[in-house]
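Reader: Hello! I am new to this model, and I would like to know what the words used for it really rest on. Could you take me through them?

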Amino acid sequence: MSTFKFVVLPGDGIGPEVMKAALEVLEVACKKHGHSLDYKVCAVGGAGIDEFGKALPDSTVETCKASDAILFGSVGGPKWEHLPPAEQPERAALLPLRKIFKLFANIRPGLLYPQLTDASPLKSERIPDGIDIVCIRELTGGIYFGEKKTWTEPDGQLAACDTMMYRVSEIERIAEVAGNTAMARGKKVCSIDKANVLETSVLWRKTVTEYFKKHFPEVELKYMYVDNAAMQLARDPNQFDVFFTENMFGDILSDEMAVICGSLGMLCSASLGDIKNSLGLKFGLYEPAGGTAPDIAGKGIANPCAQILSAALMMRYSFGQDEIAAEIERAVRDAVCSGVRTGDIAFGIEPVSTDQMKQAVIDRL
Ligand code: IPM
Ligand code: MN
């Protein structure tokens, strides 16, 4: 019998409501196996700014450091948009958290149940069996974290620059995550870059080629330029099994993947690094891909599935509870496929509330 110790950062917008649903589901799933939860709720994002004047309060960071994982909601919203860009919830909370905890690998499963192909903007005949792919995004390097500045040119106009930089070691460690993920699936991986233009991509491709040759000889490695990859993803997503790429390309491609998979309300993610938690497993941050959805916040109609599925990933990677994770994933699938659906995935079916969706998942546990 174990007690799982983690931090809950609900954040803003729909964050707190979907988080509440996810925690209830998690509680039931863990209790079934005789385990219990021990979590602290801390302020982050706009909530952090309102309460502590900072999107990532020091006390929140300290609490995160003393726990085994972070279950994250989402941050940001119109209320804080007047702030200077560097102080806004997204940039001032999420990016430092990734950096502080060295969460260099962002894993986003792109999963669309065959029963839900209607929810995808792709024609159903292109994805008769749904979609089942994985996007792995490098998360602590590249243009997000390189040197940036704004200056005035001699002729008086403003200019700005951001720098994209990668070291071999940063490329190798994400290649390893991609290789391991591919080994656990179809032994097929696609590395996405822009090696026809960018030096960082030339190094990326060379490093990845050598790394796979040495460490994953069984994995079929392909390459694709990012512009072509964007097109191929929309044309035939299942040609990818696992794809991996640098930070900015991954940001863009994972949103494209999300919409192709039907609804942001269904997509979860895990951000992992090399830091071990007190159980000797990976410390990680788990969050839905969807954002704060300010337009529906507080109405009790948001889809809690992505948050629930993120909690399942936390059980798998940070607590080693594969069975609990799989049971939660199956319960969500059963609920959605039997027609219990929130507005974002309803398509003609009478939509249910956040609470009803949560209850349907709990009933199937
Ligand atoms: C994401 C988000 C973040 C990113 C923003 C909120 C900083 O878009 O997790 O994909 O760009 O990484
Ligand atoms: Mn993004």
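This is a predicted model: local features need pLDDT of at least 70, side-chain atom pairs count only at pLDDT 80 or more; totals for chains, interfaces and linings use all residues.

Reader: Why is Ser269 called buried?

Author: Buried means under 20% relative accessible area, exposed means over 50%, and partly exposed is in between, with a 1.4 Å probe and protein chains only. Ser269 has 1% relative accessibility, so it counts as buried. Ser269 sits in strand S11; strands (E, at least two residues) and helices (H or I, at least four) are DSSP runs, numbered from the N terminus.

Reader: What does Ser269 touch?

Author: Contact means heavy atoms within 4.5 Å. Leaving aside residues up to four places away in sequence, Ser269 touches Asn106, Ile107, Arg108, Leu285, Tyr286, Glu287, Ser310 and Leu313.

Reader: And what makes Glu62 partly exposed?

Author: The relative accessible area of Glu62 is 48%, so Glu62 is partly exposed. Glu62 belongs to helix H3, residues 58-65. Glu62 and Met314 are 252 residues apart in sequence and 20 Å apart in space, C-alpha to C-alpha.

Reader: How do you know that the span of helix H10 is close to the expected one?

Author: The expected span is 1.5 Å times one less than the number of residues. H10 covers residues 322-337, 16 residues in all, and reaches 22 Å from its first C-alpha to its last, close to the 22 Å expected. Helix H8, with 14 residues, reaches 20 Å and is close to its expected 20 Å.

Reader: Which residues of H10 are buried, and why are they said to be on the same side?

Author: The buried ones are Ile324, Ala325, Glu327, Ile328, Ala331, Val332, Ala335 and Val336. They cover an arc of only 165° around the axis, so they lie on the same side of H10; the arc is that of the directions from the helix axis to the C-beta atoms. Their cover includes helices H1 (15-32), H9 (305-317) and H11 (354-363).

Reader: What makes a space a pocket and not a cavity?

Author: On a 1 Å grid over the protein atoms alone, a cavity is a set of points where a 1.4 Å probe fits but cannot get out, while a pocket is an open set with protein on both sides within 12 Å along at least five of seven lines; lining residues have an atom within 4 Å of a point. Points are joined across faces, edges and corners, and a volume is the space filled by probe spheres set on them.

Reader: What lines the largest pocket?

Author: It has a volume of about 900 Å³ and 33 lining residues, of which Ile107, Thr181, Leu313, Arg316 and Tyr317 lie nearest its centre. Its lining has 20 nonpolar, three polar and ten charged residues, where Ala, Val, Leu, Ile, Met, Phe, Trp, Tyr, Cys and Pro count as nonpolar, Asp, Glu, Lys and Arg as charged, and the others, Gly among them, as polar.

Reader: Which residues line the largest cavity?

Author: Met164, Tyr166, Ile192, Asp193, Thr200, Ser201, Trp204 and Glu246 line the largest cavity. That cavity holds about 40 Å³ of space, and the structure has one cavity of 30 Å³ or more. Helix H6 gives the largest share of the lining, three residues.

Reader: Where is Lys187, and how accessible is it?

Author: Lys187 lies in the loop between H5 and S8, with a positive phi near 55°. Its relative accessibility is 34%, so Lys187 counts as partly exposed.

Terms used
Residues are numbered from 1 along each chain as its sequence is written. Chains are lettered from A and ligands numbered from 1 in the order in which they are written. Side-chain values use heavy atoms; hydrogens and water are left out.
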